[in-house]
Amino acid sequence: MLTGVSVILALTLGQTVWGVEEGYSSYKLVKVDAASLEHLNNIVRGRDWVDVFGREGSSLTAMVPPQLLGVLTQVVRSHGGDITVIHDDMEKVAEEEYRERMMHRQRRATTSKEDDLLDFLDLDRQYAFQNKILTGSSKVHLVKELIGRSTEGRDINLIRISADASQQKKRTIFIDAGIHAREWIAPATANYILYQLAYNDSSASLLRDFNWEIVPVLNPDGYRYSHTSIEARFWRKNRQVNPGSKCIGTDLNRNFGYPEHMPDAGGSRNPCSDIYSGRSRFSAPESTALKDYLDTHNDTIVAYFSLHSFGRYILYPWGYNRTVTPADAAELERVAQAANSAMSHHYTTGSSAKALYVAAGGSDDYAKGGSKIDFSYTIELPPGMGSRYNFAPPASTITDYASEAWNGIKAMVGELAKVATIATTTTTRKPIPEQSPYYWLYQWLKDQGVILGK
């Protein structure tokens, strides 16, 4: 076994090469040990059929189609690496998860919102949970807002939680989840946070200092599809039709295009790839809906958190380039480290490109660079790389994983309470588009302090 970079790779070919959405029968979960990071990059570079599930330290994950195991083995060994099969049939892993969920649901013919926190809800039950939260006996003020619709016309809902109904302008914490369909622990964690804010009296101080806005499922079409069958369990993208291709979907977290559309930086130009960046920046309605909301409310949003899985990471910009560092990187790191002091497991912190891998088009890069939200983070939730469950942890782990993340976010927000500010008055809430002939004047007035806010 080599002592260099250790990687678990998932190579999904279901629709990736031939455009046919297949299941995962006989797909292998493999572990690859590369002699160095350079060797690892060479192993995966230019191979769209390599679908990296996640990373922890020097590890990445997930599957190899049986017909390409030999190809990957040859490539790895040509770079002096080692490869081990961990799971022989990933469809059986999905089947095991499905049986566990069905047993869990059969025990509960009807569910309370507390019961819902213990399960991976399908989309219909997600929407129902949001309504249960709104109609319960919470002491706080709750509002549901439609911020956009998906490719297939489904609602993208935001839940706003505030201490009262005064509509007082206040610093806001924004959280989204479910950008990637298969990462079910992310919406489950968003639901847990929503419930804690709405029904746990200990959250009063968090609501005194901030309003909170949560989008539990940003990719409703993909999320719904991943619940439809065992064969669809590991679906990642949205469900957008790609003209001229039989392959469906755009990777929303490669579609935010900051500073520009850069599919060759950790994305793909191939519609059949799981990391397809889309035909252009914001070509997906889901990414456009989030962009428009952040841009319109960036005068109050002081922090952006995007929940993903898996691997225990707290990441901040930039993701598009390993050599570029935000001017306030030390402050971003300091706030991220506050989470580690509050969580039971250590999370790796750092810029996305350096701590994980280069991936342009992420929502966190746009939130900071495009919407000018100073504190922007992606949180990669458990399990860690040593777990056999990857995107399919048992429902029994939801509370532990979600509460750990919530403790970390609360610690980070505690630091933000000391430093994050908003303008008390603004001349405009929505910035003038860059293509406007008056944009130069708008930017100059902001620089002079005539227009306040971001």
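Asp116, Asp119, Arg125 and Lys132 are linked in a network of salt bridges. A salt bridge here is a side-chain nitrogen of Lys or Arg within 4 Å of a carboxyl oxygen of Asp or Glu. The model is predicted: local features need pLDDT of at least 70, side-chain atom pairs count only at pLDDT 80 or more, and totals for chains, interfaces and linings use all residues. Residues are numbered from 1 along each chain as its sequence is written, and side-chain values use heavy atoms, with hydrogens and water left out.

**Salt bridges**

How many salt bridges does a search of the whole structure find? The search finds 20.

| Pair | N to O distance |
|---|---|
| Asp201 and Lys139 | 3.5 Å |
| Arg154 and Glu152 | 2.5 Å |
| Asp251 and Arg254 | 3.9 Å |

Take the pair Asp201 and Lys139, joined by a salt bridge. This pair links distant parts of the chain, 62 residues apart. Asp201 sits in the loop between α6 (185–199) and α7 (204–209). Lys139 sits in the loop between α5 (123–135) and β6 (141–149). Helices (H or I, at least four residues) and strands (E, at least two) are DSSP runs, numbered from the N terminus.

Are Asp201 and Lys139 buried or exposed? Both are exposed. Buried means under 20% relative accessible area, exposed means over 50%, and partly exposed lies in between (1.4 Å probe, protein chains only). Asp251 and Arg254 are both buried. Glu152 is partly exposed, with a relative accessible area of 43%.

**The whole protein**

The protein has 14 helices and 13 strands. Of its 454 residues, 59% count as buried. Its accessible surface comes to about 17700 Å², and 51% of that belongs to carbon and sulfur atoms. Areas come from the Shrake-Rupley method with a 1.4 Å probe; for residues, only the protein chains shown count as cover.

Now the contacts, meaning heavy atoms within 4.5 Å. Among contacts with a separation of 6 or more, 77% join residues 24 or more positions apart.

**Cores**

A nonpolar core is a set of buried Ala, Val, Leu, Ile, Met, Phe, Trp, Tyr and Cys residues joined through side-chain atoms within 4.5 Å. The largest one has 59 residues. Which of them touch the most other members? They are Ile161, Ile173, Trp212, Phe305, Leu307 and Tyr377. Helix α6 gives this core its largest share, 11 residues. Another core, of 25 residues, lies apart from it and includes Val215, Ala265, Ala284 and Ala367.

Leaving out residues up to four places away in sequence, Tyr377 touches Tyr304, Phe305, Ile314, Leu332 and Met412, among others.

Helix α2 spans residues 69–78. Its buried residues are Leu69, Leu72, Thr73, Val75 and Val76. They share one side of α2, because they cover an arc of only 165° around the axis. The arc is that of the directions from the helix axis to the C-beta atoms. An α-helix has 3.6 residues a turn, so residues three or four places apart point the same way. On the other side of α2, Gly70, Gln74, Arg77 and Ser78 are exposed. Just after α2, Gly80 takes a positive phi of about 75°.

**A buried asparagine**

Where is Asn238? Asn238 lies in the loop between α8 (220–226) and α9 (285–296). It is buried, with a relative accessible area of 0%. A polar atom of its side chain lies 3.2 Å from the backbone nitrogen of Gln240. Leaving out residues up to four places away in sequence, Asn238 touches several residues, including Thr151, Asn219, Ile248, Ala284 and Glu286.

Notes: Polar contact = N/O pair within 3.5 Å; in protein donor to acceptor, adjacent residues only side chain to side chain.
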